[in-house]
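Welcome, and please open your viewer. We will go from stop to stop, selecting a few residues at a time and looking at what is there.

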Amino acid sequence: MDLDLTPAQEDFRAEARAWLAGHVPRTPLASLETEEGFAEHRAWERTLHAGRWSAVSWPAVYGGRGRSFLEWLVFEEEYWAAGAPARVSQNGIGLLAPTLLEHGTQEQRARILPAMASGETVWAQAWSEPEAGSDLASLRSVAVRTAGGWLLSGQKTWSSRAAFADRAFGLFRSHASAGRPHEGLTYAMFGLDAEGVRVRPVGRLDGRPAFAEIFLDEAFVPDRDVVGTPGDGWRVAMSTAGSERGLTLRSPGRYVAAARRLVALWRAAADPGDTALRDRVADAVVRARAYQLYGYACAAGGPRGAEPSLTKLFWSELDLALHETALDLLGPYGELAGPAGDAPAHGGWAEGFVFALAGPVYAGTNEIQRDIVAERLLGLPKGRRA
Amino acid sequence: MRFALDDEQREFGRTLGRMLGASDTPAAVRAWARGDHGPGLALWERLARAGVFGLAVPEAFGGAGPLPVEATVAFTELGRHAVPGPVVETAAVSVLLARLAEAGRPVLAEAWLPRVCDGGARVTAALPGAPGGSPYALDADVCDGVFVAPGGPDDLFLATGHGPVQPSLDPARRLALPRCGAEPVAAGRAVREAARLAADWAAFAAAAQVLGVGLALLERTVGYVRQRKQFGVPVGAFQAVKHRLADVRVGLEFAGPLVHGAAVALAAGTPGAGAEVAAAKAAASDAAYAAARAALQLHGAIGYTAEYDLSLWLGKARALRSAWGTPAACRARTLDLFSL
């Protein structure tokens with residue numbers, strides 16, 4: 001079944017498909033978790049921007065196309081179907097940008113968004129701290145008032161992209177609160193090369209520096225780099241969290257493309273008598289379709305935004321299932337972490353698997369998401385974490 | 001295409017839900033399971049007046065259909081309220097006869113479908129030759145017409161009787177082997193095609209129905225764990241309980257769009273509709289069965305008793321999982337979803 005689009009939307013899909021066919025690199029880029037690969041991905045962002053495809057749903061004034069949510073879903077389908085590279089600007093475009101569009105000033109949007117869209121500034125997320133992961137409100141890094149701005153001190157950790165990125169955004173404790181831990185926080189943006197900022201890359205499971213620790217020692221942030229009202233950072237951050245867990249961070253198109261590749265792999269590689277493996281392939285296909293149709297329902301005014309936690313639980317587990325099944329299908333080649341000339345059908349499944357393993361952990365663990373679903377959607381009592 | 005319900009469709013669902021909610025369906029289900037069809041048939045008449053049996057019947061034969069999206073709404077409500085009877089099979093027969101009429105053989109459709117729509121005739125089907133079909137006919141003992149397409153030769157029969165009623169895991173589902181005479185009422189390739197489409201419709205309607213069953217199970221279980229206390233707190237305050245129900249909620253949430261997608265594909269008559277239906281059936285069955293397992297576990301022993309109404313939905317979740325396409329058979333068809 002295909003979604004019936006209007007002729008204008010069909011034109012949009014065709015335009016995206018044609019552009020991608022002419023521009024997506026023939027050979028895969030190096031991993032964006034390496035210095036070389038990061039640079040290649042940044043160059044790809046520039047190419048995307050030159051075609052005005054880097055942020056299709058943004059207003060044209062910031063480099064977007066002012067397209068609807070449905071058209072963005074369509075673009076994402078085409079993007080992943082074309083085998084285009086992972087987006088190194090994802091944190092900025094998917095998380096900071098919606099926050100700026102909702103809570104930022106006109107000056108901030110005009111200054112920050114175009115440079116983000118072009119890949120000139122790549123953003124890292126600096127939310128987690130050594131003692132504050134999913135319990136974000138327990139963070140300890142501080143922002144202290146000074147002339148014309150704030151001085152940031154403390155430590156952030158697990159900051160995605162921070163090893164090679166330019167700037168970061170995060171939450172800092174700035175005001176004494178009446179005891180409620182999510183009061184008195186300030187949402188601030190800072191340069192990763194600024195004075196008082198030190199970045200230490202941290203290898204993820206495969207050893208690549210996909211994230212980093214950030215040490216802050218009275219790093220100065222001017223007032224213009226605070227998003228929203230100082231002390232009101234929690235409310236500002238929650239719109240970012242919604243984007244992070246919801247459809248906008250991980251669009252259905254990514255999983256549909258992966259499911260297609262999985263079916264192709266199954267047809268090429270699998271023992272047709274292995275019905276257990278066939279069922280797992282089919283199950284992943286069904287779930288990818290469910291997510292795609294869920295996206296259409298959201299675009300039609302359905303459940304979008306109702307509960308990003310539902311979406312996060314769904315895509316993170318689907319992503320893992322897709323990659324686990326692919327590795328099992330690859331048999332003895334399933335343990336190869338990189339391309340090997342003699343391996344059949346090696347299509348980046350291993351790196352995708354490592355990436356997918358993090359899904360149930362980041363953006364608030366899936367356990368926390370289940371609590372949120374149970375308490376906010378099902379109306380179960382808050383209570384015993386046991 | 002609008003991938004969302006319009007106001008009229010939503011209001012149809014609300015109206016049906018209100019009517020069923022006021023109808024004491026649990027009592028009708030229990031009576032039906034005992035072979036006392038009276039209260040269930042009274043309910044059947046109200047469903048006919050609400051237009052439920054005309055949703056798969058073309059206007060030419062007195063119906064309003066085919067309206068798969070409205071059928072999604074209706075069958076979800078039927079499942080939510082555990083309505084007994086061959087509701088899915090009625091839709092299947094409607095599609096079967098309408099398709100034969102389209103193929104130039106309108107006699108059966110003219111004779112049966114207007115009466116099916118207004119509740120004047122009750123029909124059921126056994127289509128063992130079609131994908132997902134079973135040799136048993138549901139509720140043959142209360143139907144005026146039992147249509148049978150055994151497969152092999154492309155023949156369609158009207159049963160002349162049936163064997164003993166076999167108990168199902170859902171006591172309200174009464175299964176019997178139909179007995180057919182020697183003469184088919186229709187024959188030829190058109191029968192096979194019509195039976196296939198009818199089976200797809202049955203799988204689709206069963207998917208919507210079992211989704212409603214799952215929603216009811218979740219709703220009742222949430223209500224129970226909010227008020228039932230153990231160790232001095234509501235059971236629903238325990239994280240193990242919350243997480244299980246959150247997973248049930250996720251399963252049902254994402255099965256819904258697949259059922260809606262199957263309806264849209266059936267409405268469009270696309271070649272890939274069978275795969276869409278199969279995906280919906282597999283996902284909705286899994287989600288509802290997970291809801292049933294969670295419901296039983298979280299109700300504790302009370303959930304394991306026949307006296308408690310929860311049992312009416314528990315049995316249905318399991319039985320509908322097998323009816324009109326097992327999860328494995330459905331999964332096998334879904335591998336075509338992204339290649340058509």
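Predicted model: local features only at pLDDT ≥ 70, side-chain atom pairs only at ≥ 80, totals over all residues.

**Stop 1: Arg42 and Asp166 in chain A**

Select Arg42(A) and Asp166(A). They form a salt bridge, and their closest N and O atoms are 2.9 Å apart. Arg42(A) sits in helix H2 (residues 35–50) of chain A, while Asp166(A) is in the loop between strand E3 (149–160) and strand E4 (167–173) of chain A, so this pair ties together parts that are 124 residues apart in sequence.

**Stop 2: Glu77 and Arg13 in chain A**

Stay in chain A and select Glu77(A) together with Arg13(A). Their side chains meet in a salt bridge, 3.2 Å from N to O. Here too distant parts of the chain are linked: Glu77(A) belongs to helix H3 (residues 69–81) and Arg13(A) to helix H1 (residues 7–23), 64 residues apart. Glu77(A) counts as buried at 11% relative accessibility, and Arg13(A) counts as buried at 13%.

**Stop 3: a network in chain A**

Now select Glu33(A), Arg161(A), Arg204(A), Asp206(A), Arg208(A) and Glu351(A). Salt bridges link these residues in a network. Over all chains, a search of the whole structure finds 46 salt bridges.

**Stop 4: Asp154 and Arg192 in chain B**

Move to chain B and pick Asp154(B) and Arg192(B). This salt bridge has its closest N and O atoms 3.0 Å apart. Asp154(B) lies in the loop between strand E3 (145–148) and strand E4 (155–162) of chain B, and Arg192(B) lies in helix H7 of chain B, 38 residues away. Asp154(B) is buried, with a relative accessible area of 18%, whereas Arg192(B) is partly exposed, at 41%.

**Stop 5: helices H7 and H9 in chain B**

How do they pack? Their axes are 8 Å apart, at an angle of about 25°, which makes H7(B) roughly parallel to H9(B). Their crossing is left-handed. By class, the contact between H7(B) and H9(B) has 18 nonpolar, five polar and three charged residues.

Technical notes:
Residues numbered from 1 in each chain as written. Chains lettered and ligands numbered in written order. Heavy atoms only, no water. Axes fitted to C-alpha atoms, helices over the stretch in contact; angles between N-to-C directions. Helix = DSSP H or I, 4+ residues; strand = E, 2+ residues; numbered from the N terminus. Parallel < 35°, antiparallel > 145°, perpendicular 65-115°, else oblique. Left-handed = near helix turned anticlockwise from the far one by under 90°. Nonpolar A, V, L, I, M, F, W, Y, C, P; charged D, E, K, R; others polar. Salt bridge = Lys/Arg side-chain N within 4 Å of Asp/Glu carboxyl O. Buried < 20%, exposed > 50% of the residue type's maximum accessible area, 1.4 Å probe, protein only.
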